[in-house]
Amino acid sequence: MSLNETIPTLEGNASFGAYVARPEGSPRGAIIVIQEIFGVNPGIRQKCDKLAAEGWLAIAPDLFWRLQPETSLDPDVESEFQTALDLMGKFDQDTGVRDIEATIHHIRQTLGVAKVGCVGYCLGGRLAFMTAARTDIDASVGYYGVGIDGLLGEKHAIANPLMLHIPTEDGFVSRETQAAIHAGLGDHPRVTLYDYEGLDHGFATEHGKRRVEDAANLADSRTAAFFAEHLV
């Protein structure tokens with residue numbers, strides 16, 4: 001595992017690792033890549049590397065550091081999938097958002113990049129929504145975020161642009177939940193929603209069985225345009 005950055009918590013009494021990918025030359029801005037339940041695994045690190053190749057400073061904080069530091073799991077291996085579910089059950093999401101906020105501060109104050117966005121997947125998609133509502137992040141993107149219908153009471157706190165990618169056959173997000181997301185956020189002036197008909201959870205993963213190439217490329221192109229508009 002190649003965590004190559006150390007970030008202090010908001011309280012300043014501890015620190016946690018992160019994977020950072022740096023662009024050639026000055027960054028266009030910074031993007032926090034928020035992990036799935038599988039930790040900062042090769043797929044998340046590849047997300048960072050691709051963003052760095054596009055000119056961004058990309059950083060993936062190790063959000064499970066209090067439970068199992070340097071978690072890196074393969075969703076296609078059943079035993080590792082079960083480990084991920086166990087970690088998810090123990091993970092304090094409110095504290096995780098505070099670690100994301102600490103990452104925002106670290107990027108701006110220590111790494112010297114003012115404009116900061118985030119992109120999250122699965123659990124990270126939910127945390128991206130929470131980050132948009134609870135911090136001053138400049139732009140946020142969530143892919144197949146889980147349980148967002150239960151967070152809609154926070155929507156009025158979203159002050160900066162948020163984009164959500166929603167596969168319609170998501171095995172972890174029911175049609176009823178999707179309908180609630182559309183009803184709650186469809187007219188929000190700072191929220192953009194995209195549906196992906198017939199696709200399941202994890203379609204934009206970098207590695208493994210879940211990836212659907214054309215849809216992943218479409219969603220990523222929308223994300224790239226979104227960040228180019230709101231972070232540059």
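Strand 5 and strand 6 (residues 139-143) run parallel and are joined by 5 bridges; strands count as paired if DSSP finds at least two bridges between them. Helices (H or I, at least four residues) and strands (E, at least two) are DSSP runs, numbered from the N terminus. This is a predicted model, in which local features need pLDDT of at least 70 and side-chain atom pairs count only at pLDDT 80 or more, while totals for chains, interfaces and linings use all residues. Residues are numbered from 1 along each chain as its sequence is written, and side-chain values use heavy atoms, with hydrogens and water left out.

**Strand 5 and its partners**

Cysteine 118 has serine 140 of strand 6 as its bridge partner. To get from strand 5 to strand 6, the chain passes through helix 4 (residues 123-134), and this β-α-β crossover is right-handed; that is, with the strands pointing away from the viewer, the path from the first strand over the helix to the second runs clockwise. Strand 5 also runs parallel to strand 3 (residues 30-34), again with 5 bridges. There, alanine 30 sits opposite valine 116.

How many residues of strand 5 are buried? In this strand (residues 116-121), 6 of its 6 residues are buried. Buried means under 20% relative accessible area, exposed means over 50%, and partly exposed lies in between (1.4 Å probe, protein chains only). In a regular strand the side chains alternate between the two faces of the sheet. Here both faces are covered: Val116, Cys118 and Gly120 are buried on one side, and Gly117, Val119 and Tyr121 on the other.

A disulfide is a covalent bond between the sulfur atoms of two cysteines. With the cut-off that the two sulfur atoms lie within 2.5 Å, the count is 0 disulfides. For cysteine 118, the closest cysteine sulfur belongs to cysteine 48 and is 12 Å away, so it is too far for a bond. Cysteine 122 is in no disulfide either, and its nearest cysteine sulfur, that of cysteine 118, is 15 Å away.

| Residue | Relative accessibility | Class |
|---|---|---|
| Cysteine 118 | 0% | buried |
| Cysteine 122 | 9% | buried |
| Arginine 108 | 24% | partly exposed |
| Glutamine 178 | 4% | buried |

Arginine 108 belongs to helix 3 (residues 93-109). Beyond its neighbours within four places in sequence, arginine 108 is in contact (heavy atoms within 4.5 Å) with Val113, Ala114, Val116, Asp136, Ile137 and Asp138.

Glutamine 178 lies in helix 5 (residues 175-185). With neighbours within four places again set aside, glutamine 178 is in contact with Ile166, Pro167, Thr168, Asp170 and Val173.

**Helix 6**

The buried residues of helix 6 are Ala215, Ala216, Ala219, Asp220, Thr223, Phe226, Phe227 and Leu231. They cover an arc of only 125° around the axis, so they lie on the same side of helix 6; the arc is that of the directions from the helix axis to the C-beta atoms. These buried residues pack against strand 3, helix 1 (42-53), strand 5, strand 6, strand 7 (162-167) and strand 8 (191-196). On the face turned away from the buried side are the exposed residues Asp214 and Glu229.
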